[in-house]
Amino acid sequence: VLFLRRLLPDAGRVMIAAACRQRLPKPWVSSLNTCSRAISSSSFQDKETKQQVEQRDDLQTEISRRTQTLKSFLTSTRRSLHQIPELMYQENKTSRYIQGMLQEHDIPYSTGWGVNKNTHVFPGEGGHGIVADIGSGQPPCVLLRADIDALPIHEQPHTHNKNFASKHDGKMHACGHDGHATMLIGAALILKQMESQIKQHGTVRLMFQPAEEGGAGAKRMIEEGVLTNKPPVDVAFGMHLWPTLPSHTIASRPGALMAAGDRFTIEISGIGGHAAMPHKAIDPIVTASSIIMNLQTLVSRTISPFESAVCSISAINGGAAFNIIPEKVTLKGTIRAFQETTLLSLKEKLNRIVTNTATSHGCSVDNIIYSPDHYPPLINDTDLYRTFSSNVGALLSKERCVRQLEYPSMASEDFSFIGQHVPSTFFFLGQGSSDSFKSDYGLHHPKFTLDEDVLPLGVELHANLALRALKKLTKQ
Ligand SMILES: [Zn+2]
Ligand SMILES: [Zn+2]
């Protein structure tokens with residue numbers, strides 16, 4: 001535990017925690033229930049807390065009853081979205097599909113959110129984000145977020161998916177965002193049905209966010225006002241389907257949950273020529289190989305053994321024929337760390353290793369291009385998690401508690417930008433195996449699929465978080 005604490009971005013956390021204390025009303029802190037206490041009513045000591053549990057049960061019964069009626073709707077919605085995957089900033093059909101659902105259920109919304117400011121890096125104009133408010137239109141305001149973009153992967157349909165595989169060649173919902181969008185649509189329907197209850201307390205804001213897969217769509221929507229427009233957001237929740245956890249379990253942790261991350265492209269130039277006369281050329285393929293091997297020392301030799309970091313090269317492109325040394329090679333990859341300062345130092349050292357290695361081979365590096373916006377680490381607000389979010393998760397997980405992850409994930413998530421502004425919790429929703437479902441394929445795999453039986457759990461988690469958080473926020 002001490003080791004992990006040293007990994008965490010304490011300075012940032014202190015700042016965020018201080019900001020949270022200013023914004024959060026006291027109820028978060030005053031009614032401390034640990035996960036283990038929340039799972040057994042007999043362990044509650046005082047009358048007030050027992051009543052809270054009974055109220056939770058009533059509310060949960062109502063949400064659960066409403067969600068059960070949506071089961072087949074959720075499956076068909078997810079399957080429809082699965083067939084029309086679209087890359088970041090190009091989520092036109094997906095957005096229109098979601099808007100159609102909201103219209104059909106009389107849920108007012110605005111679109112045009114998430115405009116692409118970096119068209120020189122990411123193709124597409126963007127603007128496919130959707131924001132819908134349900135409730136009084138007055139504070140307090142609870143934000144629920146789902147991402148809606150897909151990946152540039154050619155789907156190899158899993159047996160579960162074969163009847164509704166991607167119809168967009170080379171694109172696939174391999175990160176479960178079709179499920180995320182579906183679960184938030186489901187929650188929208190339930191919350192609309194329960195709007196009279198919400199109106200007594202405030203507003204729930206639904207954020208359908210484009211461009212999560214590296215495009216910082218969440219940051220664009222924040223810049224456009226999704227957190228600050230009236231009523232401003234007090235607290236936010238998000239979730240990601242997680243194939244390495246058993247279906248119907250929920251996991252998370254206070255503090256750092258996911259890593260800071262950036263992506264890079266390295267363009268190397270040499271001198272092309274005949275492959276049989278390499279001495280007449282300057283071979284960028286051999287240079288690229290050296291760069292890849294030298295980058296293996298980036299983490300192992302320059303980062304403290306007490307910190308966690310990753311550098312992966314994930315694409316090499318160069319050359320087209322067996323007898324031609326090409327002129328150029330392009331490498332792509334990613335760096336991850338738990339502290340932004342570490343991530344920035346990785347960039348600096350990567351630049352040095354790449355440039356010096358290329359020079360030593362007589363090649364030049366035309367460009368090292370990073371994301372316009374690197375992702376900060378995803379930090380769950382500790383007070384919010386311990387006193388509220390873990391209890392709500394415990395109510396719904398089949399294990400009757402939220403699995404507290406021993407380690408954060410090295411994956412990144414742009415929900416982290418939201419966590420920089422308001423107290424928030426991000427959950428992992430288990431969907432890897434159950435009695436009726438088994439998949440061995442992880443996120444971003446061409447055979448990835450999801451356990452659709454878990455979709456109602458996500459709906460219930462969203463709805464419970466929103467309603468209970470609003471009640472807490474108004475109980476001064
Ligand atoms: Zn992903
Ligand atoms: Zn994802």
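The following dialogue works through how to read several local features of this predicted model.

User: Which residues are the protein donors of the zinc ion (ligand 2)?

Analyst: Donors are N, O and S atoms within 2.8 Å of the metal (3.2 Å for Na, K and Ca), and sites may look incomplete because water is not among the atoms. Here the protein donors are C175 through SG, H177 through NE2 and H240 through NE2, at 2.1 to 2.3 Å from the zinc ion (ligand 2), and their spacing in sequence is C-x1-H-x62-H. C175 also bridges this ion and the zinc ion (ligand 1), the two ions lying 3.2 Å apart.

User: Where in the fold do C175 and H240 lie?

Analyst: Helices (H or I, at least four residues) and strands (E, at least two) are DSSP runs, numbered from the N terminus. C175 lies in the loop between strand 3 (141–147) and helix 8 (177–193), and H240 in strand 5 (residues 235–242), so the pair ties together parts that are 65 residues apart in sequence.

User: Are C175 and H240 buried or exposed?

Analyst: Buried means under 20% relative accessible area, exposed over 50% and partly exposed in between, using a 1.4 Å probe and protein chains only. By that reading, both C175 and H240 are buried.

User: How many disulfides are there?

Analyst: A disulfide is a pair of cysteine sulfur atoms within 2.5 Å, and by this rule the count is zero.

User: How do I read a helix, and which residues of helix 6 are buried?

Analyst: One can begin with length, since the expected span of a helix is 1.5 Å times one less than its number of residues. Helix 6 (residues 71–82) has 12 residues and reaches 17 Å from its first C-alpha to its last, close to the 16 Å expected. Its buried residues are F73, L74, T77, R78, L81 and H82; they cover an arc of only 165 degrees around the axis, which puts them on the same side of helix 6, the arc being that of the directions from the helix axis to the C-beta atoms. Among the elements that cover these buried residues are helix 7 (92–104), helix 8 and helix 15 (455–474), where contact means heavy atoms within 4.5 Å.

User: Which residues are buried in helix 7, and which are exposed on its other side?

Analyst: The 13 residues of helix 7 should span 18 Å, and its end C-alpha atoms are 18 Å apart, which agrees. T94, S95, I98, Q99, M101 and L102 are buried, and they fall within an arc of 155 degrees seen down the axis, so they line one face of the helix. On the other side of helix 7, R96 and E104 are exposed. The buried residues pack against helix 6, strand 1 (110–115), strand 2 (126–135), helix 8 and strand 4 (203–209).

User: How many aromatic pairs are there?

Analyst: A pair of aromatic rings is described by the distance of the centres and the angle of the planes. Rings of Phe, Tyr and Trp (its six-membered ring) pair if their centres lie within 6.5 Å, with planes under 30 degrees apart counted as stacked, over 60 as edge-to-face and the rest as tilted. The count comes to seven aromatic pairs; for F426 and F428 the ring centres are 6.3 Å apart and the planes stand at 90 degrees, so the pair is edge-to-face. F426 is buried at 0% relative accessibility, F428 is buried at 1%, and W242, F415, F426 and F428 form one aromatic cluster.

User: Which peptide bonds are cis, and where is phi positive?

Analyst: Most residues other than glycine have a negative phi, and most peptide bonds are trans. A cis peptide bond joins P139 and P140, with omega about -5 degrees, and another joins K230 and P231, with omega about -10 degrees. A211, in the loop between strand 4 and helix 10 (217–223), has a positive phi near 55 degrees and is buried at 0% relative accessibility. H248 has a positive phi of about 75 degrees, lies in the loop between strand 5 and strand 6 (250–252) and is partly exposed at 23%.

Technical notes
Residues are numbered from 1 along each chain as its sequence is written. Chains are lettered from A and ligands numbered from 1 in the order in which they are written. This is a predicted model: local features need pLDDT of at least 70, side-chain atom pairs count only at pLDDT 80 or more; totals for chains, interfaces and linings use all residues. Side-chain values use heavy atoms; hydrogens and water are left out.
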